[in-house]
Structures are given as structure tokens and as C-alpha cells.
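Biologist: I have a model open and would like to learn how to read it. Could you walk me through it, one feature at a time?

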Amino acid sequence: MPPTTTLDVPVTTYPLERFTLPNGLRVVLAPDRSAPVIAVAVLYDVGIRSEPPGRTGFAHLFEHLMFQGSANLEKLAHFRIVQGSGGTFNGSTHLDYTDYFETLPSGALERALFLEADRMRGPVLTEANLRNQVDVVKEEIRANVLNRPYGGFPWLKLPPVMFDTFPNAHDGYGSFADLEAATLEEAVEFFETYYAAGNAVLSVAGDFDPDHARTLVERHFGDVPARPAPPRPNFDEPDLTAARHDSYVDRHAPVPAVAAAWRVPDPIGQRAASLPYPVLAEVLTDGDASRLVQRLEHRDQLVTSVGGYIGFMGEPFGVRHPTALVVQAHLRPGGSVSPVLDAIDEELERLATDG
């Protein structure tokens, strides 16, 4: 008889351990011994929507400042330590959170925890670092928005059409005037307010022993000063009462593009009601068999590409209310927006009526 073979069944559940340090830092441990790699991430509950009026882009600017040295490390030391250990690192600013992470060989777990704890104690905030990073962010805006085809489309262009309040409608990259007006005192206040241990979550995933990891977390983060989370702003605003439209000229774009969005239920306060919408986005635009790809690309040949997702940054489970289902498409040369929007409306009506 032929030998019996055993199929490897993908793991669908992972052990999780959660605890909170006395200083308020929430910790999640997710051991996975399948590869000799660990990842450490710290997520702070502050993002683009928390920026004050007149300081657009400040959350992203502050993300840059968190890489300019920390309590016990000079500028660029974080980079050298991670890369010299064979790892990678990054950070990113989102609507409702900012995150920082390292991925390293499993033997470097304590190194990663030390790095994140050190900048949680305090980044090096100086006038020179601030002015330098303002220039870096301005160059990033030039490269990613101002001098790039479809730059900021639709994540910067659609919210001001859809929303009325400053938190939801303003430019998350920021205006040059607001960035240049940022002060060192404002940076210090931003850190003291939002980068508190009580406003953060530390997660550790990968090849480690949970008891050992807990000991290391307590060793490096336990003496970070305790500061409570700030009051959470209310970003809600009334739903739309009528359709809204706008357009602008992108001189770098070779063909027109169109984006449409619909308000969807609160992913936190109305979790059950919100869950069908990520599925709807997949049904509409994921793969050649999806409704809008079949209709717009293959049958009617109105567009060269179409995509759909939840949240202006494509994060169905990483955003608070209000959020939206977004559909975007690039038209064929000489194409018109109206037939595309009409076809989308027809497909949505067909799905709602016929299932």
C-alpha cells in the first residue's frame, strides 16, 4: 500500500495573551513558532482626525519626529540597530491611529522592546529636528501628491466632498503653511497628550516564549511614566441628505478617474451591521468575476481598472465612525464619468434587488 500522507492544515487560530501594565500600557502577545522571526509594534490612539484646526498634517509630522532620536539613543541609532540586526522597521499615520513597528530575527526581541520603550519615554524634540522634518514632509507631499499622477486621489480629495467637519474633511498630509507654522512647544504638547502609555497598545508576535516576553515587556516598559489617555474626540457628523459631486484638474493624469463613496455603519458601535460591507466591496470589485469588473471593464469597456474598499485608506477594521464604502475607477481615453456612475448605480440596485 502507498504511504499515508498528512496534509498541512493552515492554522486558523492563534493563542493570544492580553494584560495591562500599571502605567496603563495595554499589551497583546501572539506567539507563533513557525518561523524564527518576531515583530514588535506600538499603536498610539491618535491620527489625522485628532489634529487641531490650523495644524493640518501635524500627526504625520510627529510620526517623523519619533525617528529623530529618543531618551537614550542619538539620531539614526534606531535605524542602525534594527538594520544591523537584520531587521526592518517603519511607521505610518492613519485617520485614527499611528503605528511603529520592527520585524527582526527572534533573538532580537529584547532589542526591539528596548527601542520602542525608549521613544515612548520621549523622542528628541528640538527646533532643528522639527524644521528638518517639516522639510522632509513637504518633499514627501511634492513626491506623493503634487507631482504625481492621481496624487492624493481619492483619499485626500473625496473626504471634503463627503464631510463638513474639520476632523473628517481636512487634508491629512497638511498644507505647507500649517506645517511651517508648527512650533516646538506644540510638538511637546502633542507628545504629552497623545503619546501616553495609557493611550497605546504594544503587540508582540512571532517566535518567543510568552512568559519570557512578558518579563521583558515589564522590564522595559514598566518604568515608562504613567499618563492617562486623553478624552476621545467625537468625530461624528450628520449623514448625507443628498448626493454631492465635485471635480478638479490633475495635469499629471493621462486619463480621467472617478471615485464615489457611500456612508456605511459604524465599524465599532454597529459592528454586526458593518460587517457585510467589506464583503460587498469584494463582491463588487475583487477579481475578474466581480460585478463591477465584469460590467465596467469587460462588458461595457468604460474603464481600465476599478477597485472598491472600506475606509478612505482601505482599512475596514482600522477606522472609527464615520467611514465609507469607496469605489474608484480609471476611465478609458475619451471616456465620460456619467456612464460609469450610472452603471455602478445599476449594479448596486441589481445586487440589492436580486441578491
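**Reading the model**

Modeller: Of the 355 residues of the chain, 47% count as buried, where buried means under 20% relative accessible area, exposed over 50%, and partly exposed in between (1.4 Å probe, protein chains only). This is a predicted model, so local features need pLDDT of at least 70 and side-chain atom pairs count only at pLDDT 80 or more, while totals for chains, interfaces and linings use all residues. Residues are numbered from 1 along each chain as its sequence is written, and side-chain values use heavy atoms, with hydrogens and water left out.

Biologist: How many helices and strands are there in the chain?

Modeller: Both are DSSP runs numbered from the N terminus: helices are H or I with at least four residues, strands are E with at least two. Here the chain has 13 helices and nine strands.

Biologist: What is the volume of the largest pocket?

Modeller: On a 1 Å grid over the protein atoms alone, a pocket is an open set of points where a 1.4 Å probe fits, with protein on both sides within 12 Å along at least five of seven lines; lining residues have an atom within 4 Å of a point. Grid points are joined across faces, edges and corners, and the volume is the space filled by probe spheres set on the points. The largest pocket here has a volume of about 900 Å³. Its lining has 31 residues, and among those closest to its centre are Leu 158 and Asp 246.

Biologist: Which element gives the most to that lining?

Modeller: That is E7, with seven residues. Strand E7 covers 257–264, and helices H5 (159–162) and H13 (337–354) also give two or more residues each.

Biologist: Which peptide bonds are cis?

Modeller: For these, look at omega. Phe 153 and Pro 154 are joined by a cis bond with omega of about -5°, and Pro 154 sits in the loop between helix H4 (127–146) and H5. The bond from His 321 to Pro 322 is also cis, with omega near 0°; Pro 322 lies between strands E8 (303–310) and E9 (323–331).
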